[in-house]
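My entries follow in the order in which I made them.

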Amino acid sequence: MHGIFPENVLHHQRRRMIPSVSSVIKCFHGFHSTHPPISSTIQLKEMVKFSKQFEAQLVPEWKEAFVDYWQLKKDIKRMQAPRDENTAAPRPSLALALLSSLRKLPPFDSIPRKEHETIQIHRKLTNSASRGVMYETELLEQFADTDAAREFFVRLDLQLNKVNQFYKSKEKEFVERGESLKKQMEILLELQAALKNQKGQVSVGDDPKDDPSISCSIICEEDAMKEEQEQGQEILATEYESGDFQFVDPPQGSNDLGKSKTDGLDEGKKLRSFSGRAFSLQGKNLLIKIPLTTPSRTISALAYLFREDSGSQLRKCGSQSGKLNINKTKIHRAAKMIRGAFVELYKGLGYLKTYRTLNMLAFAKILKKFDKVTGKQVLNTYLNVVEVSYFNSSDLATKFMDEVEELFIKHFADDNKQKAMKYLKTHKHKESHGVTFFIGLFTGCFIALFIGYCIMAHMAGMYTGQSDTTIYMETVYPILSMFSLLFLHLFLYGCNIFVWRKTRINYAFIFEFAHTKELKYRELFLICTTAMTVVVGVMFAHLVLIARGHSSTHVQAIPGFLFLMFMALLICPFNIVYRSSRYHFLRVIRNIMLSPLYKVVMVDFFMADQLCSQVPMLRNMEFVACYYITGSYRTQDYGYCMRSKHFRDLSYAVSFLPYYWRAMQCARRWFDEGETSHLVNLGKYVSAMLAAGAKVAYEKEKNIGWLSLVVVVSSAATAYQLYWDFVKDWGLLQLDSKNPWLRSELILRRKFVYYISMGLNFVMRLAWLQTVLHYNFGNVDYRVTSFFLAAIEVIRRGQWNFYRLENEHLNNAGKFRAVKTVPLPFHEVDQD
């Protein structure tokens with residue numbers, strides 16, 4: 001049943017500690033109350049300015065939940081459209097004229113009515129508790145364009161109801177998360193007290209194992225999982241730092257953690273992501289959930305599933321009891337997880353506060369514009385209703401935010417509010433002018449050295465394929481091309497970060513690891529320009545020495561020392577040159593190389609895709625390593641590695657490895673998530689491996705049979721890859737999209753950019769045709785041609801990165817995930 005109540009009932013509700021209507025109106029009427037309106041142009045500029053501010057300050061992931069300010073503006077513009085001056089104003093109907101006359105008669109004119117009341121807002125109580133109160137506006141007076149006005153208020157009511165429902169749902173979500181965090185905090189405090197008690201008893205010579213406050217009764221522990229469960233709590237912090245957590249609800253109604261035959265299927269699915277340990281502490285039954293993200297636990301889980309499928313059920317451990325000692329490291333890491341959860345909760349509550357403020361301002365601004373266009377006074381009436389609506393009147397989130405702040409200050413900041421705010425509030429770092437200066441300095445040095453290097457190489461005839469320069473092109477040029485491809489990729493990545501920041505695309509997942517400073521695009525540019533200045537400078541000095549006739553062993557070792565210097569810097573243990581970022585890169589490379597043993601997160605497969613475009617760089621790296629490790633640089637015998645069978649086999653393997661790693665990641669994701677789309681994606685990388693194998697075979701035996709196979713396999717693989725790029729990775733070519741051949745949601749305003757990007761991606765995907773055509777660009781050495789083709793692939797990958805992250809951001813925003821859901825270490829389970 002729906003109840004309809006007049007708008008004036010709302011004024012009897014209790015006012016909260018929120019921005020009042022008068023303050024909001026004063027905010028927007030301040031200028032016009034002291035200064036007369038100059039022209040409509042100023043009003044239009046003011047409107048545009050607020051639109052930009054509104055778009056810049058809203059939470060990107062919640063964009064669809066904010067007031068559709070731009071559509072409401074369009075509705076007002078339609079009402080503002082010029083009308084034909086010769087068209088007479090519509091005359092009121094006979095019924096309305098009669099009703100107006102009757103209102104003036106004595107029996108009716110004594111009825112109290114509000115002065116200048118143009119609209120009346122009703123609220124409906126719905127049956128659904130999630131939807132709550134719904135608002136509906138009734139027009140009491142005729143407008144110049146009544147249909148357009150009615151459509152405007154229908155849309156305005158829809159926006160108000162949408163904002164209330166979203167705010168209520170998010171408020172409930174954050175409050176529930178906060179209550180769970182409070183319980184986690186209580187458990188943590190008990191464990192910390194138990195640890196302190198344990199230390200006190202050890203100091204007086206008592207056995208800590210006899211203290212009941214630190215003993216834990218193990219409810220169930222599978223033998224197959226025993227080893228990793230003993231390590232489980234120590235790994236929790238590491239897994240949280242990598243952002244690899246996923247959580248399921250703890251099993252209910254089973255005293256053996258859900259390992260019964262009746263729910264074996266469900267538990268089999270859970271074991272694909274978790275192992276668990278349950279224990280009791282201070283009368284509480286707790287379950288620790290551990291995701292299977294390390295190889296040891298992955299292999300153990302696979303063995304368990306294999307034995308389960310074979311019909312060999314693991315024995316149950318029943319109600320046997322044991323002891324679990326508490327140590328400082330475990331408590332510290334659990335506290336770190338809870339602290340991170342508090343930070344994310346506080347950030348979410350801050351977003352909710354911004355959501356309320358911006359929507360309140362948007363309602364006030366759009367109603368003010370409506371008053372200007374129609375000449376009616378509806379702002380006060382409607383804004384009073386907006387003020388007492390749920391999203392602006394509820395103070396639950398505000399109070400809870402204060403409570404979270406107090407808890408954090410008390411337990412994680414030693415009652416130091418200033419210290420706590422450093423964690424809870426994000427501080428914008430000032431851009432360093434020194435970084436800008438050095439970028440310009442090294443850019444100028446690089447350009448000068450590169451021009452000098454090209455002139456010197458041209459004078460020496462290095463790139464024309466002359467016989468006396470073959471040794472240089474075979475031994476030194478691979479190092480230059482290897483570093484050039486690597487830093488070109490890094491430079492394009494910096495450009496992507498710059499564009500992602502400007503378009504507000506969320507790329508934070510790449511830097512979601514502990515103690516790691518996010519690399520800004522300016523810092524990436526500095527790294528690229530500095531590194532390339534060093535590389536080109538060393539290559540220029542080496543070329544000058546070669547041109548002057550110095551061909552000693554020490555001179556030939558210069559490129560090798562350069563390569564060794566960069567490798568040593570990458571693994572340098574000292575805290576210099578972005579150590580945290582370097583180590584995170586090495587961890588990601590480790591996860592990729594050990595696929596499918598590691599659980600796959602987005603940063604892993606995103607980086608693996610980058611490696612698929614760096615196959616020429618990896619092959620050059622392999623040759624350089626072989627050339628200097630075997631000592632061939634002393635005799636300048638560059639053909640030694642080519643003649644070695646092991647090197648040739650390894651060279652073929654390097655061509656396949658990036659695609660193999662990526663295919664194994666798809667297999668692992670299919671195993672973890674059970675989605676067949678990952679198997680289809682795996683087929684794409686298998687087709688790329690087949691195409692690479694056909695090219696390698698054609699290079700060995702150049703006959704018409706292998707050539708035909710290369711054309712067929714490569715064409716099929718290219719079509720497969722193009723489909724996946726456009727449809728899956730970029731989310732384009734949607735048939736039901738409001739933007740033809742694109743998708744409904746686009747971040748870039750100019751649609752033609754997407755069409756041009758698809759065309760460029762198609763053209764650059766056809767670079768493999770050079771393998772078939774063998775087109776020569778004049779007298780340019782074929783190695784130079786190969787370098788430019790490899791650079792084209794790197795540029796294509798840089799373009800792919802932007803649209804891949806854009807599509808990921810839009811999918812993430814569609815689920816309104818503005819903050820991370822940080823995993824919690826403790827889960828209570830039912831005893832029954």
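**Overall make-up.** I began with the secondary structure, which comes to 31 helices and seven strands. Helices (H or I, at least four residues) and strands (E, at least two) are DSSP runs, numbered from the N terminus. The model is a predicted one: local features need pLDDT of at least 70, side-chain atom pairs count only at pLDDT 80 or more, and totals for chains, interfaces and linings use all residues. Residues are numbered from 1 along each chain as its sequence is written, and side-chain values use heavy atoms, with hydrogens and water left out.

I then looked up burial. Of the 832 residues of the protein, 46% count as buried. Buried means under 20% relative accessible area, exposed means over 50%, and partly exposed lies in between (1.4 Å probe, protein chains only). The protein exposes about 43,700 Å², and carbon and sulfur atoms supply 59% of that area. Accessible areas come from the Shrake-Rupley method with a 1.4 Å probe; for residues, only the protein chains shown count as cover.

For contacts (heavy atoms within 4.5 Å), I took the pairs of residues at least 6 apart in sequence; 74% of these contacts join residues at least 24 apart.

**An enclosed helix.** How many of the eleven residues of helix H22 (residues 602–612) are buried? I found ten, so helix H22 is largely enclosed by the rest of the structure. Among the buried residues of H22 are Phe 605, Phe 606 and Leu 611, and also Asp 604, Asp 609 and Gln 610.

Most residues other than glycine have a negative phi, and most peptide bonds are trans. I noted the exceptions below.

- The peptide bond from Ser 595 to Pro 596 is cis, with omega near 10°. Pro 596 is placed in the loop between helix H21 (579–593) and H22.
- Tyr 578 is not a glycine, yet has a positive phi of about 55°. I located Tyr 578 in the loop between helix H20 (558–570) and H21. Tyr 578 counts as partly exposed because its relative accessibility is 27%.
- Arg 504, also not a glycine, has a positive phi of about 60°. The loop that holds Arg 504 runs between helix H17 (477–503) and helix H18 (521–547). Its relative accessibility is 31%, so Arg 504 counts as partly exposed.

**Salt bridges.** I counted a salt bridge where a side-chain nitrogen of Lys or Arg is within 4 Å of a carboxyl oxygen of Asp or Glu. The structure holds 27 salt bridges. I went through several.

- Lys 170 and Glu 173 meet through their side chains at 3.2 Å, N to O. They are three residues apart in helix H6 (residues 146–203), so about one helical turn separates them. Lys 170 is buried at 8% relative accessibility, whereas Glu 173 is partly exposed at 40%.
- Glu 405 and Lys 417 form a salt bridge at 3.7 Å, N to O. Glu 405 lies in helix H13 (residues 396–412) and Lys 417 in helix H14 (residues 417–424), so the pair ties together parts that are twelve residues apart in sequence. Glu 405 is buried at 13% relative accessibility, and Lys 417 is partly exposed with 48%.
- Asp 649 pairs with Lys 645, the closest N and O atoms being 3.0 Å apart. Both are in helix H26, four residues apart, which means about one helical turn lies between them. Asp 649 is partly exposed at 36% and Lys 645 is exposed at 53%.
- I also noted a network of salt bridges that links Asp 75, Arg 78, Glu 151 and Arg 155.

**Surface patches.** Patches are made of residues with over 30% relative accessible area and no salt bridge; like charges are joined within 9 Å, and nonpolar side chains (Val, Leu, Ile, Met, Phe, Trp, Tyr) within 5 Å. Lys and Arg count as positive and Asp and Glu as negative, while His and the chain ends are not counted. The place of a charge is taken as NZ of Lys, CZ of Arg, CG of Asp or CD of Glu.

Which residues form the positive surface patch? I found Lys 74, Lys 77, Lys 738 and Lys 751. Lys 738 sits in the loop between helix H28 (704–729) and helix H29 (752–765), and is exposed at 64% relative accessibility.

The loop between H28 and H29 also holds Trp 741, which is exposed at 57% relative accessibility. Trp 741 belongs to a nonpolar surface patch with Leu 733, Phe 752, Tyr 755, Ile 756 and Leu 760; together they have about 600 Å² of accessible area.
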